[in-house]
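Trainee: Hi! Could you walk me through this protein while I look along?

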Amino acid sequence: MTQSKVVVHTEPKLLAEAAAARLIVRLTDAQAERGEATVVLTGGRIAAQIYQALRESPARDAVDWSRVDFWWGDERFLPSGDPERNETQAREAFLDALPLNPSRVHPMPAADGPDGDDAEAAAARYAAELAEAAKPGHAELPHFDVVLLGVGEDGHVASVFPEHPVTYETRPVSAVRGSPKPPPVRVTLTLPAINTADEVWLIASGAGKASAVGLALADAGPRQIPAAGVHGQELTLWLLDTAAAHELPPTFRSLV
Ligand SMILES: O=C1O[C@H](COP(=O)(O)O)[C@@H](O)[C@H](O)[C@H]1O
């Protein structure tokens, strides 16, 4: 049975620290149950703060990081090591500081990778890597314990942008051309792929996100506000700071 929850923190730093603490607990629980854990990472400003909080958390070693699989929800299709890549951000903020198993770290291909600047081929390559990690009977995707998602000012999640054809995509991974936010070429998990996760966490900080968050929680259409179109199989968790929670629909106002 799927559950939705909204949690509002007073400031971005607390939001980041609380999200990091939750993630440590969630990954520890998954490892207790299944012996391993899988998280899908996001990019963006609040994600960078969460990753830093994870790195600095005294509880971080509760997780056996060598038994965590890391995937990415989207990538800015740029050369490897480009500071704008979500992979670079995550590696610098926390992955490089953890005792990972490198074979469990699955960045999306870069624009100087085996497919060169062919984003469609890169998307197909990532889909094949995901399918290879899937358990028998789950043809296309591995089990995702948690998908982390930032929320754009326009309501985008991963690189699924409002009114873009990618909002209709049913394959698990898609190239995105003509992104309204730079860079214009990206690779993304699609809404149906994200929605296979046990838990989907949407994380938003700042007044610029308030309108998108309010519309998503008021059940806007997913083509207009992609954040409205993602749901975990067990839990959809909104982690907000007060500024991002400013335009919550009336049913949630008591939280602010
Ligand atoms: O470009 C992207 O933007 C969103 C949100 O970023 P933020 O800086 O506004 O928090 C991010 O979730 C996505 O992964 C990224 O590629």
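Mentor: Happy to; we'll go from the overall picture to a few details.

Mentor: This is a predicted model, where local features need pLDDT of at least 70, side-chain atom pairs count only at pLDDT 80 or more, and totals for chains, interfaces and linings use all residues. Residues are numbered from 1 along each chain as its sequence is written, and side-chain values use heavy atoms, leaving out hydrogens and water.

Trainee: Okay! How many helices and strands are there?

Mentor: The protein has 6 helices and 10 strands. Both are DSSP runs numbered from the N terminus: helices are H or I with at least four residues, strands are E with at least two.

Trainee: What share of the residues is buried?

Mentor: Of the 256 residues, 54% count as buried. Buried means under 20% relative accessible area, exposed over 50%, and partly exposed in between, using a 1.4 Å probe and protein chains only.

Trainee: What about the nonpolar core, which residues have the most contacts inside it?

Mentor: In the largest core, with 83 residues, they are Leu41, Tyr51, Phe70, Leu189 and Trp238. Helix H1 (residues 12-34) gives the largest share of this core, 8 residues. By definition, a nonpolar core is a set of buried Ala, Val, Leu, Ile, Met, Phe, Trp, Tyr and Cys residues joined through side-chain atoms within 4.5 Å.

Trainee: Which residues does Leu189 touch?

Mentor: Leaving aside residues up to four places away in sequence, its partners include Val40, Trp72, Met108, Phe144 and Ile194. A contact here means heavy atoms within 4.5 Å.

Trainee: New topic: how many aromatic pairs are there?

Mentor: The structure holds 4 aromatic pairs. In one of them, the rings of Tyr51 and Phe94 have centres 4.6 Å apart and planes at 15 degrees, so the pair is stacked. Rings of Phe, Tyr and Trp (its six-membered ring) pair if their centres lie within 6.5 Å; planes under 30 degrees apart count as stacked, over 60 as edge-to-face and the rest as tilted.

Trainee: Where do Tyr51 and Phe94 lie?

Mentor: Tyr51 is in helix H2 (residues 45-56) and Phe94 is in the loop between helix H3 (86-93) and strand S5 (105-106), so the pair ties together parts that are 43 residues apart in sequence. Trp65 and Phe70 are stacked too, with ring centres 6.2 Å apart and planes at 10 degrees. Tyr51, Trp65, Phe70 and Phe94 form one aromatic cluster.

Trainee: Is Trp65 buried or exposed?

Mentor: Trp65 is buried, with a relative accessible area of 2%, and Phe70 is buried with 1%.

Trainee: Now helix H6, how many of its residues are buried?

Mentor: For H6 (residues 210-217) it is 6 of the 8, so this helix is largely enclosed by the rest of the structure. Its buried residues pack against strand S1 (3-9), strand S9 (199-204) and strand S10 (235-241).

Trainee: Last one: is His246 buried or exposed?

Mentor: His246 is exposed, with a relative accessible area of 60%. You'll find His246 in the segment after S10.
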